[in-house]
Every structure is written in structure tokens, then in C-alpha cells.
Amino acid sequence: MSSDKASSLASIGRAMRLPLLGAVLLAAAGTTLALAGTSSPARLAQSPEKFLADNEHHKGVQKTPSGLQYKIIKKGKGVQPKINDMVSVEYQGSLTDGTVFDSTARNGGAPVMMPVARVIPGFSEALQLMQQGGEYRFWIPPQLGYGAEGAGGVIPPNAVLIFDVKLVSVVPAPPADAASLPTIQ
């Protein structure tokens, strides 16, 4: 081989190495991103029973007879809501893979007023464990949440729901006999 041919082949080799290296790096990055994208569904694929069984052994996690799990982040000192009360809360709801499906921050940031009796059973039970000013994390099993149906294409079937909740205030329900009390005129 002449030195001109060898020089030309070496130049071609160097010229091809950069695009080839770029293609290899792009392929590696794509594979990494693809695998990263599947990590969330893989965590969701873990059965709710397994997730909750593992979770209940974490420090500070408590469990009610219904299966609701909770951890007290900050103990409140105020009123504890009852089933017919209204509450004002700040919250974030997420799935076990970390996907946030709802929060007060997403909805303007102001606390939300809600009736304790008119939310999913697990959230209703959770609220009644708290005292005004308290902050808790709750893990709601599917049977106390949206069950096998899921909700609105956002919450998959049989999902464990994780809520971080701050109980801002409690508005007690009026006494049941308040309607029968005479009015002052």
C-alpha cells in the first residue's frame, strides 16, 4: 500500500470514528432513558399487598385495623375532626412510584375545604386520626381508595395511594338538633 493510500484510509477511519462514537453514546443514552422510564411502572407492578407489608416495617409507621398505614410527621394540638365535620387541608397525593396525581400546590396552593364523610374511605379515616395543626403521611390500600377500578385514567386499578396531609382547620358540624332550637327574635 502506498503512503498516500494509507494516509487516506487513516483519515477516513478517524472521520468515521467520531460519528460511530456518537451513535454508540446515543444508543447507550437511549437505553438508559428507556430503562429509567420503565422503573416507575416496575414499582407500580409490585403488588399492593407486598408494598404495604414492606412499608409497615419502616420506622414510625403505624397501622389501623382497616389496613390504613400512617406516620405522624408533626403532631397537632387542636381539634380532632369527626365524620360530619368539614376540614381545611393542604395535601399531596401520589402513587408508589412517586407520580403526583393531585395536590393543593397544583390547584393554586390554598388549603382545600372538604367534608370528612364525602371522600374515599381511607382518606376519611385518615382525617379522623389527626388533630388540627398536625401533619401526617398516609398509605391508603386499594380497598380504602379507588379499588379495582382506579380513577379517571390517573390512578391505576389497585393502586396504593400516598397522601401527605396538613390539617389546617376543623369546622365542627352543627349539632343534630340545631334545626329544632328556637330562634331569637
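1. Buried here means under 20% relative accessible area, exposed means over 50%, and partly exposed lies in between, with a 1.4 Å probe and protein chains only. By that scale Lys-50 is partly exposed at 43% relative accessible area. The model is predicted: local features need pLDDT of at least 70, side-chain atom pairs count only at pLDDT 80 or more, and totals for chains, interfaces and linings use all residues. Residues are numbered from 1 along each chain as its sequence is written, and side-chain values use heavy atoms, with hydrogens and water left out.

2. Helix H2 spans residues 48-55, and its buried residues are Pro-48, Phe-51, Leu-52 and Asn-55. These four are on the same side of H2, because they cover an arc of only 90° around the axis; the arc is that of the directions from the helix axis to the C-beta atoms. The cover over them includes strands E2 (69-74), E6 (135-140) and E7 (161-171). Helices (H or I, at least four residues) and strands (E, at least two) are DSSP runs, numbered from the N terminus.

3. A salt bridge is a side-chain nitrogen of Lys or Arg within 4 Å of a carboxyl oxygen of Asp or Glu. Asp-54 is partly exposed at 35%.

4. The structure holds three salt bridges. Another one joins Lys-63 to Glu-56, where the closest N and O atoms are 3.5 Å apart. Lys-63 is partly exposed at 48% relative accessibility, and Glu-56 is partly exposed at 29%.

5. Arg-137 and Asp-164 also form a salt bridge, with 2.6 Å between the closest N and O atoms. Arg-137 is in strand E6 and Asp-164 in strand E7, so the pair ties together parts that are 27 residues apart in sequence. E6 and E7 run antiparallel and are joined by six bridges; strands pair if DSSP finds at least two bridges between them.

6. E2 and E6 are likewise antiparallel, joined by five bridges. Lys-71, in E2, stands opposite Arg-137 in E6. Lys-71 is partly exposed at 31%. Leaving aside neighbours within four places in sequence, the contacts of Lys-71 (heavy atoms within 4.5 Å) are Lys-59, Gly-60, Glu-135, Tyr-136, Arg-137 and Trp-139. The side chain of Lys-71 reaches the backbone oxygen of Lys-59 at 3.5 Å.

7. A search of the whole structure finds six aromatic pairs. Rings of Phe, Tyr and Trp (its six-membered ring) pair if their centres lie within 6.5 Å; planes under 30 degrees apart count as stacked, over 60 as edge-to-face and the rest as tilted. Tyr-70 and Tyr-136 are stacked, at 6.0 Å centre to centre and 25° between the planes. Tyr-70 lies in E2 and Tyr-136 in E6, so this pair ties together parts that are 66 residues apart in sequence. Both tyrosines, Tyr-70 and Tyr-136, are buried.

8. Phe-101 and Phe-163 have ring centres 5.7 Å apart and planes at 90°, so the pair is edge-to-face. Phe-101 is in strand E4 (residues 100-103) and Phe-163 in strand E7, 62 residues apart. Phe-101 is buried at 15% relative accessibility, and Phe-163 is buried at 7%. Ring pairs link Tyr-91, Phe-101, Phe-123 and Phe-163 into a cluster.

Terms used: Polar contact = N/O pair within 3.5 Å; in protein donor to acceptor, adjacent residues only side chain to side chain.
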